[in-house]
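Trainee: I'm new to this protein. Please take me on a close look at its pockets and cavities.

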Amino acid sequence: MKIAVTGAFSYSGKYITKRLVERGEEVITLTGHPNRPDPFGGKVKAFPLDFDEAGMTKSLQGVEVLVNTYWVRFDKGENTQPRAVKNTQKLVHAAKAAGVRRIVHISIANPSADSPLPYYWGKAANEKAVIGSGLSYAILRPTVLVGGGEDVLINNIAFLLRRFPFFFIPGDGSYGIQPVHVEDLADLAVDAVYSKENYVIDAVGLDSYTFKELVRLVGETVGARRPLISVPPRLALLAAQFLSLFVSDVILTPEEVDGLMANLLVSHEPARGKTYFKDWLKENREVVGVNYASELKRHYS
């Protein structure tokens, strides 16, 4: 079977692609980063993810299943979340025009068309485009990805704990967070490739924490136990923005704070992951947070 994966040289797409290649499938990728290191030794042919419908339609000829991991974490220049919604619609139109029969789409837990947060209403709009295409589909809704040495949020929490004498918690820290391992998401995505059913499911890990519990667990496990100081959310955001100047990145965005505090990083469905966060953290305690994970460097350098 010929399968297209957006972002096969990036994070979640790489783990999905690895499994498909190991199964002997023909995999191509649509990528906005063609010069990234190719972890597949030339086995995965790369085409532009430039959102030119005609060009993408040509690239997707012969593809039976499209696995879409494309999104943007925050706005930068013309690369905005509303534009990402329009780009996703173009991708879906191109897939349909090319004769793709199924889309496996990576979304986010708790999307809502009524959300005031562009990240969440944008994800809801993308799901609507996939479902409305008339193609067979599976939509997976992860929360926070961990694993592979490339996750951002958990790694950078550990990074800050390792380097500063205290850690600011937005609000009281009682809101939830339920990480999922990237390998578990990849397993669910591959299952979805071969399924014939239309479905939408959450893709979350086995253990759930309050944010304060998670930060405390990370600090204790990596050997960087620190006082956790509850502060007004905007003060925590201001501190993150100040630190962002020193790492030349965007550590935290206002809507990430709002989404976290609104309990949008937990699921109300049964856990489908197989990896306990606490076990993964213990196994990787020597490396988590040793180096900073830069979103800007990863996607814009």
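Mentor: Happy to! Let's start with the second largest pocket, whose lining residues divide into five nonpolar, six polar and four charged. Here Ala, Val, Leu, Ile, Met, Phe, Trp, Tyr, Cys and Pro count as nonpolar, Asp, Glu, Lys and Arg as charged, and the others, Gly among them, as polar. This is a predicted model, in which local features need pLDDT of at least 70, side-chain atom pairs count only at pLDDT 80 or more, and totals for chains, interfaces and linings use all residues. Residues are numbered from 1 along each chain as its sequence is written, and side-chain values use heavy atoms, leaving out hydrogens and water.

In total, 15 residues line this pocket, and G149, E150, N155, N291 and A293 lie nearest its centre. Its volume is about 320 Å³ (the space filled by probe spheres set on grid points, which are joined across faces, edges and corners). On a 1 Å grid over the protein atoms alone, a pocket is an open set of points with protein on both sides within 12 Å along at least five of seven lines; in a cavity, a 1.4 Å probe fits but cannot get out; lining residues have an atom within 4 Å of a point.

Now for the cavities: the count comes to one of 30 Å³ or more, and the largest cavity has a volume of about 30 Å³. Around it you will find V146, P179, V180, H181, T275, Y276, F277 and W280. By class, six of these are nonpolar, two are polar and none is charged.
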